[in-house]
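Dear colleague,

I am passing on the structure we spoke about, which you will find just below. My notes on what turned up in it follow, and I would be glad if you could read them with the structure open beside you.

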There are 2 protein chains.
Amino acid sequence: MAESMTGLKRSHRCTEVSKTNIGETVTVMGWVQKSRNKGGIIFVDLRDRSGLLQIIFEESDCGAEYFKKAEKLRSEFVIAVVGKVTERAGSVNENLATGDIEVRATELRILSEAETPPFPIEEDSKTKEDLRLKYRYLDLRRPDIQKNLMLRSKVANITRQFLIEEGFLEIETPMLTKSTPEGARDYLVPSRVHPGNFYALPQSPQLFKQLLMCSGYDRYFQIARCFRDEDLRADRQPEFTQIDMELSFVDVDDVIDVNERLLKKLFKEVLDIDVALPIQRMTWQEAMDRFGSDKPDLRFGMELVDVTETVKDCEFVVFKGAIENGGSVRGINAKGQGAMPRKKIDALVSFAKDYGAKGLAYLAVNEDGTYKSSFAKFMKEEELKALVEKMDGESGDLLLFAADKNKVVYDVLGALRVHLAEQLELLDKNEYKFLWVTEFPLLEYSEEQGRYMAMHHPFTMPMEEDIPLIDTEPGKVRAKAYDIVLNGTELGGGSVRIFQNHVQEKMFEALGFTKEQAYDRFGFLLNAFKYGVPPHAGLAYGLDRLVMLMAKEDSIRDVIAFPKVKDASCLMTDAPNIVDDIQLDELMIEIKKKSEE
Amino acid sequence: MAESMTGLKRSHRCTEVSKTNIGETVTVMGWVQKSRNKGGIIFVDLRDRSGLLQIIFEESDCGAEYFKKAEKLRSEFVIAVVGKVTERAGSVNENLATGDIEVRATELRILSEAETPPFPIEEDSKTKEDLRLKYRYLDLRRPDIQKNLMLRSKVANITRQFLIEEGFLEIETPMLTKSTPEGARDYLVPSRVHPGNFYALPQSPQLFKQLLMCSGYDRYFQIARCFRDEDLRADRQPEFTQIDMELSFVDVDDVIDVNERLLKKLFKEVLDIDVALPIQRMTWQEAMDRFGSDKPDLRFGMELVDVTETVKDCEFVVFKGAIENGGSVRGINAKGQGAMPRKKIDALVSFAKDYGAKGLAYLAVNEDGTYKSSFAKFMKEEELKALVEKMDGESGDLLLFAADKNKVVYDVLGALRVHLAEQLELLDKNEYKFLWVTEFPLLEYSEEQGRYMAMHHPFTMPMEEDIPLIDTEPGKVRAKAYDIVLNGTELGGGSVRIFQNHVQEKMFEALGFTKEQAYDRFGFLLNAFKYGVPPHAGLAYGLDRLVMLMAKEDSIRDVIAFPKVKDASCLMTDAPNIVDDIQLDELMIEIKKKSEE
């Protein structure tokens with residue numbers, strides 16, 4: 001039976017009690033982490049979000065009635081304790097903030113009893129994630145997840161403070177908005193008042209923040225929920241949170257400047273880590289050439305080497321064919337991995353194939369200077385020597401090569417490089433390597449759509465010197481777009497926006513839109529642009545990813561209070577679920593029957 | 001043709017330039033508010049979110065080329081100007097922050113030309129709201145709306161700072177969640193992965209914040225978007241924003257204390273208004289009896305007077321009948337309104353009828369002491385005298401009476417009281433009268449449902465002394481629920497929550513739920529409660545309303561960047577709209593044809 005807390009008032013959280021309170025009477029409340037009776041003394045570890053505090057029940061202090069009540073305590077009971085703070089009688093527990101004191105109880109109330117939880121509440125839980133997510137309210141009691149969510153709260157708060165001091169206004173944009181094509185799949189919301197019509201949940205506040213710039217708000221930010229109905233991966237959720245910002249009368253350097261100072265402040269205040277400014281910048285082309293990735297992890301080397309020139313005359317058909325088809329041959333040098341067993345190398349080949357490679361050529365430089373290789377037999381001695389030299393190959397190294405179209409070569413070696421770094425434990429979660437990747441391509445050709453698509457979005461400004469190329473070589477136009485990358489993860493990205501009608505029109509032409517189509521899709525923004533639009537630019541961070549990296553976690557689920565799983569469902573609430581027919585009737589929609597498929 | 005801003009960097013916002021900059025060269029950017037050529041000198045009022053700055057173009061300063069360009073300037077052009085700050089040559093403009101200076105331009109770039117806007121960009125716009133909302137991006141340029149949104153940003157920020165300092169954690173709860181009955185109508189989101197299943201957008205984070213308390217987060221807050229698919233009124237939007245909080249190990253007074261300090265801080269820092277603490281408290285019953293409203297406006301008197309006893313023996317059938325039916329007769333005294341013309345009184349009667357009254361009895365005390373009355377003829381002289389006395393009626397007063405069931409009497413007189421105050425201009429927007437209304441009824445009988453409904457929600461704690469009444473007289477049970485009221489508007493409300501199983505079960509019984517039904521609806525919360533739940537309580541403010549009152553506006557649309565209109569549509573984006581069939585196919589839903597209705 002639950003007792004009321006009437007008449008009691010908590011005086012301290014658990015770890016707010018310290019040696020300075022010795023001799024005082026305190027009132028503490030929380031969960032029983034552990035309770036044990038040792039020779040007529042009951043020891044209770046009391047837990048709240050601040051940590052643990054040891055409570056002692058001894059009949060001589062608290063009397064028979066309270067002692068008897070204390071005997072009933074089990075894990076996860078919620079209790080209120082009045083007691084006196086004393087120096088710890090037993091040995092000091094160095095692992096506890098409150099390890100040098102204890103509270104000798106004089107009163108106890110059981111505010112809530114508890115059944116035995118389906119799994120223990122403990123750090124680094126070994127319990128299967130699905131079970132933990134079903135009982136997320138219990139899983140959220142774990143000190144490590146609590147720490148993550150406290151860190152998240154702190155990151156959001158420091159970010160807001162910083163941006164407000166920098167003159168940004170926090171402005172809320174609609175969640176019930178218009179379905180916009182040219183992005184990912186929208187979540188739709190049927191309208192009851194307008195049957196047959198739908199709102200869409202925003203994929204980002206992009207159009208609204210640009211409108212706010214047109215309206216003169218100058219600097220906008222929002223920590224905004226965004227929605228994408230895509231198939232999930234480890235670092236994706238159907239709903240996610242962006243730190244979203246937009247600035248007027250700025251160019252690339254202004255956006256980078258304010259964001260570098262934001263990152264510096266965040267990492268200093270949250271993790272006590274000094275981010276050296278300016279953060280390194282690299283063009284997209286350099287990132288691809290050196291790391292095979294537009295979000296390179298700079299915590300280790302193993303850079304890509306272009307050996308196309310070196311092997312262009314050899315007889316190895318894989319190399320030769322790739323080059324003849326306009327592709328390239330590139331390699332990475334896994335230093336000291338020359339003795340890798342064949343089975344592990346085969347696994348690398350298979351990994352490469354998953355990324356689209358037809359195969360993976362390898363060459364191990366043996367300790368005696370001879371080679372073990374999948375392709376040496378097709379090449380002349382001096383060709384091999386030149387290749388090894390080009391790769392900086394030394395005794396004991398393992399050289400891995402991909403030969404294909406550039407895109408495939410980048411994808412394969414970029415992924416392989418990270419994969420090897422994980423295997424070789426080169427990735428230190430305590431090291432934070434930031435990088436700006438700049439000058440992204442403006443347009444990407446989509447085989448599927450048979451036309452060019454905007455790599456960021458259709459409002460991204462091309463680099464001024466590349467504007468003429470839009471008509472002639474659209475694929476070569478570089479954009480004033482930038483991503484901020486941390487340890488191989490894209491933390492955020494943004495761009496300078498097109499603010500001139502004639503550039504915007506060129507862009508829509510390149511995307512294959514008629515004027516009518518463009519207005520149909522983005523009419524209100526294009527109209528807004530008629531009435532005086534300032535140069536503007538912005539950036540958005542994935543808050544979930546940022547916090548994940550700061551918390552040194554591998555999944556964003558560990559930094560979201562109530563995440564969804566891979567099939568976009570919530571194991572705790574069972575959302576999505578079936579609704580009453582009357583709800584669908586009001587919305588004038590029906591569920592399509594399977595047979596109609 | 002738009003020029004680029006390359007090579008220029010804004011040095012000041014418009015009103016950041018001041019007398020201290022005289023002699024300096026500044027670079028300013030913004031919108032042309034007004035441009036006029038007076039005797040070979042071009043005067044431009046440049047506008048940004050900070051305000052206005054006067055720019056002077058004279059050929060002798062800027063040269064022929066720039067002067068020629070300046071001649072082309074029209075309202076809403078976006079320009080960049082480099083120039084020298086000088087003391088204002090003409091007379092000082094006291095209405096402007098920068099009225100004592102001007103900038104003599106030496107360089108001009110036209111960053112963006114502008115068509116003539118469909119309505120002038122000016123404060124207190126007289127343009128029809130629908131047109132302004134269609135061109136919201138232009139409407140948002142108005143300085144008064146910009147001030148409102150800046151105020152909103154400030155309110156949100158101060159609130160967050162305060163709560164974080166008070167130990168609250170900001171935790172985000174899901175937007176794609178489970179449809180919960182017992183509330184308003186949900187917005188639904190069809191699931192693609194689980195055809196036939198739906199998410200619901202949250203009406204509030206209620207269940208999640210209670211779970212967070214179960215999980216030990218102790219103090220939670222969130223400035224959260226909420227959704228209700230209801231028909232709109234002036235102060236309602238399909239999506240709205242709550243300042244939402246929940247606290248563990250607290251009772252009513254703790255919640256009130258922290259919120260009073262929050263309100264005090266907000267009003268001091270934003271409006272420089274001192275809110276005297278403690279804020280007045282009033283039980284729901286007293287609020288109804290004295291003001292006929294659970295959100296009384298305390299800026300004026302005109303309180304309700306219960307005259308049931310006084311008139312109980314009279315022969316006026318309207319009074320008699322109401323009393324015999326268990327109702328009451330109550331009146332308000334419109335001081336000094338005795339000479340109100342008959343036509344206006346008739347309008348009041350008609351107003352009363354809109355609120356459910358069968359009529360409205362009135363009695364004017366003439367200056368000569370005689371009465372003009374709709375019912376005097378049915379009452380004896382001494383009965384009338386006693387009635388006037390009970391009402392504190394003096395010469396020149398107008399007494400208005402309603403006789404009906406209590407609920408109707410409260411509704412009618414409560415509304416009439418506010419209506420009269422508006423007519424008599426008793427409501428001063430600069431005066432802020434706060435009030436806590438406490439001890440709300442726990443349950444309300446719904447004729448429509450044929451059962452009791454939770455007045456707040458099914459987790460609201462009854463007052464301890466009233467718990468036994470749940471079985472016997474459910475309608476009499478008072479709840480540990482409280483609303484914070486400001487000038488007749490409910491700013492927010494909350495309650496202490498039930499944390500004991502046996503009380504919760506009683507509550508569900510009173511609501512007519514079987515255990516199975518209760519688990520079906522609220523299963524995950526009830527399950528969570530099995531594993532140790534702390535006493536907890538919370539409160540949520542309507543941020544839109546709070547900001548509306550602080551900005552002295554009449555509609556929340558004036559404090560929301562992109563609001564919707566009465567039919568829940570957005571006039572700017574045309575949301576909701578029709579979507580592609582392929583989108584519906586993927587969701588396995590179809591639009592019901594009219595004929596099937």
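In chain A, one aromatic cluster is formed by F316(A), F319(A), F375(A), F378(A) and F401(A). Please keep in mind throughout that this is a predicted model. Aromatic pairs, searched for over the whole structure and all chains, come to 43.

F508(A) and F522(A) are stacked, with 5.9 Å from centre to centre and 15° between the planes. This pair links distant parts of the chain, since F508(A) belongs to helix α14 (residues 501–510) of chain A and F522(A) to helix α15 (residues 515–528) of chain A, 14 residues apart; both F508(A) and F522(A) are buried.

The other pair is in chain B, where the ring centres of F319(B) and F375(B) are 5.2 Å apart and the planes stand at 55°, so this pair counts as tilted. F319(B) is part of helix α9 (residues 317–324) of chain B, while F375(B) is found in the loop between β15 (371–373) and α11 (381–390) of chain B, so the pair ties together parts that lie 56 residues apart in sequence. F319(B) has a relative accessibility of 1% and therefore counts as buried, and F375(B), at 0%, counts as buried as well.

In chain A, K134(A) lies over the face of Y135(A), 5.6 Å from the ring centre, and in chain B the charged end of K134(B) sits over the ring of Y135(B), at 5.5 Å from its centre.

Turning to the cavities, how many are there of 30 Å³ or more? The count comes to eight, and the largest cavity has a volume of about 360 Å³. Its lining is made up of 25 residues, of which R160(A), I223(A), R160(B), I223(B) and A224(B) are the closest to the centre of the cavity. The elements that contribute two or more residues to this lining come from both chains, namely α4 (143–165) and β9 (219–227) of chain A and α4 (143–165) and β9 (219–227) of chain B. By residue class, the lining of the largest cavity consists of eleven nonpolar, four polar and ten charged residues.

As for chain A as a whole, there are 17 helices and 23 strands in it, and its C-alpha atoms fill a box of roughly 95 × 75 × 60 Å along the principal axes. Chain A has 597 residues, and 59% of them count as buried. The domain assignment of chain A gives domain 1 (14–112) and domain 2 (300–423), and the C-alpha centres of domain 1 of chain A and domain 2 of chain A are 63 Å apart.

One further residue of chain A may be of use when you look through the loops. K295(A) is located in the loop between α7 (284–291) and β12 (305–306) of chain A, and with a relative accessibility of 35% K295(A) counts as partly exposed, because that class runs between 20% and 50%.

With best wishes

Terms used: Residues are numbered from 1 along each chain as its sequence is written. Chains are lettered from A and ligands numbered from 1 in the order in which they are written. This is a predicted model: local features need pLDDT of at least 70, side-chain atom pairs count only at pLDDT 80 or more; totals for chains, interfaces and linings use all residues. Side-chain values use heavy atoms; hydrogens and water are left out. On a 1 Å grid over the protein atoms alone, a cavity is a set of points where a 1.4 Å probe fits but cannot get out, and a pocket is an open set with protein on both sides within 12 Å along at least five of seven lines; lining residues have an atom within 4 Å of a point. Grid points are joined across faces, edges and corners, and a volume is the space filled by probe spheres set on the points. Helices (H or I, at least four residues) and strands (E, at least two) are DSSP runs, numbered from the N terminus. Ala, Val, Leu, Ile, Met, Phe, Trp, Tyr, Cys and Pro count as nonpolar, Asp, Glu, Lys and Arg as charged, and the others, Gly among them, as polar. Rings of Phe, Tyr and Trp (its six-membered ring) pair if their centres lie within 6.5 Å; planes under 30 degrees apart count as stacked, over 60 as edge-to-face and the rest as tilted. Buried means under 20% relative accessible area, exposed over 50%, partly exposed in between (1.4 Å probe, protein chains only). A charge sits over a ring if NZ of Lys or CZ of Arg is within 6 Å of the ring centre and within 35 degrees of the ring normal. Domain bounds come from an automatic or database domain assignment.
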